[in-house]
Amino acid sequence: MVRLSEFYKDNASDQWFSTNYGKLSVHDDLRNRGYDVIEQNELDTLHSDLTAPFGIVDLPFKDSIPVPLKEFSNAFLSGRAFDLNQAQYFQRKISDLLTEWMTTLSGGNNYLVSLFPSTYLVAKSKSITFDDVFMVTRTWGIDCFIGVFNESNTAMFIFSQEFGWANVSFKQSCAPPELRGLANEFRQKLDDDIVRLHWDYMGGERSRHQAYYQNAIEPFV
């Protein structure tokens, strides 16, 4: 578990989310969707005990990337938010499946947060959809790591825009039935050169993709 008040750097910026780039800022859009945007001074005082169920590893070229918890049931998806919005799983849109899991989270408030220590965003809502995540990723650039979790710390969603992976994690006693099938489908692809195929599609430096896969995915499959 990570305490969010200790996760962000002292100089973490909310520029991507508080600035109007010719349309509503992310903060304003989230408020219109029923979110309560938590400022950093509020996180350090009123919400100082807020924790999220993820871990942290460092890569040679990037500090503090989020990873799932090994004791949770984990499933991985290849693709950025745009790709996940188009993809299907057994003739059902992945985005709809993710929304179903997010909107049925129990345990009080749900949170949509930045999982990059230099970029600050914490917002809470009674209900979160994939479209909310998609909206944030359309504004935020390359360092985008978005997390969604519930107050009871029984579920965690991690969306990595830079590397083009998403992870869904549930406490084993709370895992939805479809999660195992989704996880098994990913495992069956591991015999293929999944990193090469993924890199061919996502672009960027292959060594970065390889390091991310080895540290943030492979140990948790």
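This is a predicted model: local features need pLDDT of at least 70, side-chain atom pairs count only at pLDDT 80 or more; totals for chains, interfaces and linings use all residues.
A residue counts as buried when its relative accessible area is under 20%.

Strand β7 (residues 110-114) runs antiparallel to β9 and is joined to it by 5 bridges, with Leu 112 opposite Val 148. Strand β10 (residues 155-160) also pairs with β9 in the antiparallel sense, over 5 bridges, and here Phe 149 faces Met 156. The β9–β10 hairpin has 4 residues between its strands, and Asn 153 takes a positive phi near 60 degrees.

Now step back to helix α7, residues 130-139. Because 8 of its 10 residues are buried, this helix is largely enclosed by the rest of the structure. Among the buried ones are Phe 130, Asp 132 and Val 133.

Asp 132 leads us on to the charged contacts. Its side chain meets that of Arg 33 in a salt bridge, 2.7 Å from N to O. Arg 33 sits in the loop between α3 and β2, whereas Asp 132 belongs to α7, so the pair ties together parts 99 residues apart in sequence. Asp 132 is buried at 6% relative accessible area, while Arg 33 is partly exposed at 29%. Both belong to a salt-bridge network that also links Asp 29 and Asp 131.

The whole structure holds 9 salt bridges, including one between Arg 92 and Glu 100, whose closest N and O atoms are 2.4 Å apart.

Definitions and conventions
Residues are numbered from 1 along each chain as its sequence is written. Side-chain values use heavy atoms; hydrogens and water are left out. Buried means under 20% relative accessible area, exposed over 50%, partly exposed in between (1.4 Å probe, protein chains only). Helices (H or I, at least four residues) and strands (E, at least two) are DSSP runs, numbered from the N terminus. Two strands pair if DSSP finds at least two bridges between them. A salt bridge is a side-chain nitrogen of Lys or Arg within 4 Å of a carboxyl oxygen of Asp or Glu.
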